[in-house]
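The following exercises concern the structure displayed below. Each one consists of a task and a solution in steps.

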Amino acid sequence: QAGSRNDTPSSDWGDDRRARPSDKDFLKLFVIGFPVVDKTPDSTLFKLGGSKASIPFAEFEGSNASYNMQLHAQLKRAGKRLQPGWLGHAAHATTLDECAAGQCFGPFTIEEMDLAYGPNAWRAMKRFAIDENGKVRVCDDGRSSDHNIATETLESLTVPSSSFPATMTQAFYSLLPEGTRIPMAYGSDDLRAAYRSR
């Protein structure tokens, strides 16, 4: 099992942690992904100390339609790019490159999003680019879309240690029948383009 009372995963869940999810539910979240809006479950892998949501999730979700229409109108007025100049073009090109590399999917039309998730059951998020010493970095703008203030986190996320993949592999294998082995891989392809603040 993996867990810690600090930033580094360890083999001790610690007595001072809240009850973690069941092994099955916990590992399932690592496969399908943790929720990124509303209440993010405690993975027990990082130190406690997240942030409270400033608006109720129902309020956030209830304003999806008006927010998406407002953003669509802004895009139409701005000629499809909200960020002017070469950085706006670079943000678009970089996003398409990421899609081609399999790091994300899209772009999608409003109709495609409604079909996949239901009418207004999704919320668009702007992307913008910054010039960092001649290298373009794209950022998803969760502040302007209110994703940030509609999210409650219980942990302070940190960059995992180099032992994290081995720790998680051990956790997965501990739940399999003895002698069962499945191939596992660790993906770090997104680290190449990670934005590092100064």
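**Exercise 1.** Determine whether Glu-98 is buried or exposed, and trace the salt bridges that connect with it.

*Solution.* Step 1. Glu-98 has 14% relative accessibility, so it counts as buried; buried means under 20% relative accessible area, exposed over 50%, and partly exposed in between, with a 1.4 Å probe and protein chains only. The model is a predicted one, in which local features need pLDDT of at least 70 and side-chain atom pairs count only at pLDDT 80 or more, whereas totals for chains, interfaces and linings use all residues. Residues are numbered from 1 along each chain as its sequence is written, and side-chain values use heavy atoms, with hydrogens and water left out.

Step 1. Glu-98 forms a salt bridge with Arg-127, at 3.0 Å from N to O. The term denotes a side-chain nitrogen of Lys or Arg within 4 Å of a carboxyl oxygen of Asp or Glu. This pair links distant parts of the chain, 29 residues apart: Glu-98 is in helix α4 (residues 85-100) and Arg-127 in strand β2 (residues 126-132). Helices (H or I, at least four residues) and strands (E, at least two) are DSSP runs, numbered from the N terminus.

Step 2. Arg-127 is partly exposed, at 28% relative accessibility. Its side chain also meets that of Asp-140 in a salt bridge of 2.6 Å, N to O. Since Asp-140 belongs to strand β3 and Arg-127 to strand β2, this pair ties together parts 13 residues apart in sequence. Asp-140 is partly exposed, with a relative accessible area of 47%. Through shared partners, salt bridges join Glu-98, Arg-127 and Asp-140 into one network.

**Exercise 2.** State how many salt bridges the structure holds, and describe the one that Glu-152 forms.

*Solution.* Step 1. There are four salt bridges in the structure.

Step 1. The partner of Glu-152 is Lys-52, and the closest N and O atoms are 4.0 Å apart. Because Glu-152 lies in strand β4 (residues 151-153) and Lys-52 in the loop between β1 (38-40) and α2 (57-62), the pair ties together parts 100 residues apart in sequence.

Step 2. Glu-152 is buried, with a relative accessible area of 17%, while Lys-52 is exposed, with 66%.

**Exercise 3.** Describe the surroundings of Asp-141.

*Solution.* Step 1. Asp-141 is placed in strand β3 (residues 135-141).

Step 1. Asp-141 is buried but has no salt bridge; Lys-126, the nearest side chain of opposite charge, is 5.2 Å away. Lys and Arg count as positive and Asp and Glu as negative, while His and the chain ends are not counted.

Step 2. Not counting residues up to four places away in sequence, Asp-141 touches Met-125, Lys-126 and Phe-128, where contact means heavy atoms within 4.5 Å. The side chain of Asp-141 also reaches the backbone nitrogen of Arg-143 at 3.3 Å.

**Exercise 4.** Identify where the buried residues of helix α6 lie around its axis.

*Solution.* Step 1. In α6 (residues 164-174), the buried residues are Phe-164, Pro-165, Thr-167, Met-168 and Ala-171.

Step 1. Viewed down the axis, these buried residues fall within an arc of 160°, so they line one face of the helix. The arc is that of the directions from the helix axis to the C-beta atoms.

Step 2. The face turned away from the buried side carries the exposed residues Ala-166 and Gln-170.

Methods:
Polar contact = N/O pair within 3.5 Å; in protein donor to acceptor, adjacent residues only side chain to side chain.
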